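Here is a short report on helix packing, strand pairing and aromatic contacts. Please read it alongside the structure shown below.

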Amino acid sequence: MAWTQIEVDVADGIATITLNRPEKMNAYTPVMMREIIAAMDDMDADDAVRAVIFTGSGDRAFCAGADLTPEDGSGPFSSDRPDADLSDEIVRDGGGRLTLRLFNSTKPLIAACNGVAVGVGATMQLAMDIRLAADSARYGFVFARRGIVPEACSSWFLPKIVGIQQALEWTYTGRIFDAAEAKEGGLVRSVHPQGDLMDAAQALAREIADNTSAVTIAMTRAMMWRLSAADHPMMAHRVDSRAIYRMSKAPDAAEGVRSFLEKRAPDFPGRPSGDMPDFYPWWDEPGYE
């Protein structure tokens, strides 16, 4: 696919997806949404990719939110076409379409927030697994100041990451806050000088890629995101019991033990595209209704 609003680079098992509209501070559009989703389809299909880093072009912005002045003259938040009812596909939020795709990724996702991240620029990062920030980063869940509500499934993601009190404060006030507050509030894992941000993100991705089983990471990602919201820990017990039973008999487990005893780096043969446990996925994916 020829990318027009993102850039995709894959090197030595690490993919970097760069939001690439610097003249618009990487503002989000339906085109960008479709391109990121297509890129994620490519990443999940490629067993050589072990982690994906997201960042923004330039040093001003990760993503300054939805493009409020779309080139086609349409409304910035929803389709101008009449909808039949609220279950119509036209109604669906574009940020949510993206975060749902990120949620279903089999690869670990790392956000390297290099500047301003407001609106969907902030909420899209919630579906990523680990968030790093430049010291120049600024965040804002600004929806109450625009007369709309938090989107991109953030009412599900944000409280899980930072707790309900912090989520409510940031969404009630809609204020812009800096990277230090983001770290204190639990939104980001670490803050780095602008020039060191990508090196830190690459080092984290490299640690995952060089030392872990890709099948284990894909299973762990699904288990952590899906089972932490289950009604009872028995749901987790069922899945992890089945996973350990199946995976303990697979080549990756043998290699994990052997490499440990031989004091060497592991070389796991398992591939998420074909070697997931036979009960995966264990859930029924809901549709939009």
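## Packing of α8 and α9

In this predicted model, helix α8 covers residues 214-227 and helix α9 covers residues 233-247. Their axes lie 11 Å apart, at an angle of about 175 degrees. Angles over 145 degrees count as roughly antiparallel. The label for α8 and α9 is therefore roughly antiparallel.

Which residues make the contact between α8 and α9? From α8 come V215, T216, M219, M223 and L227. From α9 come M235, A236, V239, D240, A243 and M247. By class, the contact residues are 9 nonpolar, 1 polar and 1 charged.

## The four-stranded sheet

An open sheet is built from 4 strands, ordered β4-β6-β8-β9, with mixed pairing. The edge positions go to β4 (61-63) and β9 (176-178). Each has a single partner strand, so one side of each has no neighbour in the sheet. On average, neighbouring strands are turned by 20 degrees against each other, direction ignored.

Strands β6 (residues 116-118) and β8 (residues 138-140) run parallel. They are joined by 3 bridges. V118 sits opposite G140 in β8.

## Aromatic pairs

How many aromatic pairs does the structure hold? The count is 14. One of them is F157 with W225, with ring centres 5.3 Å apart and planes at 80 degrees. Planes over 60 degrees apart count as edge-to-face, so this pair takes that label.

F157 belongs to helix α4 (residues 154-162), and W225 belongs to helix α8. The pair therefore ties together parts that are 68 residues apart in sequence. Are these two residues, F157 and W225, buried or exposed? Both are buried.

## A tilted pair and a cluster

F279 and W282 also form an aromatic pair. Their centres are 6.5 Å apart, with 40 degrees between the planes, and the pair is tilted. F279 has 18% relative accessibility, so it counts as buried. W282 has 26% relative accessibility, so W282 counts as partly exposed. The cut-off for buried is under 20%.

One aromatic cluster is made up of F103, W156, F157 and W225.

Technical notes. Residues numbered from 1 in each chain as written. Predicted model: local features only at pLDDT ≥ 70, side-chain atom pairs only at ≥ 80, totals over all residues. Heavy atoms only, no water. Axes fitted to C-alpha atoms, helices over the stretch in contact; angles between N-to-C directions. Helix = DSSP H or I, 4+ residues; strand = E, 2+ residues; numbered from the N terminus. Parallel < 35°, antiparallel > 145°, perpendicular 65-115°, else oblique. Contact = heavy atoms within 4.5 Å. Nonpolar A, V, L, I, M, F, W, Y, C, P; charged D, E, K, R; others polar. Pairing = 2+ DSSP bridges. Phe/Tyr/Trp six-rings, centres within 6.5 Å; stacked < 30°, edge-to-face > 60°. Buried < 20%, exposed > 50% of the residue type's maximum accessible area, 1.4 Å probe, protein only.
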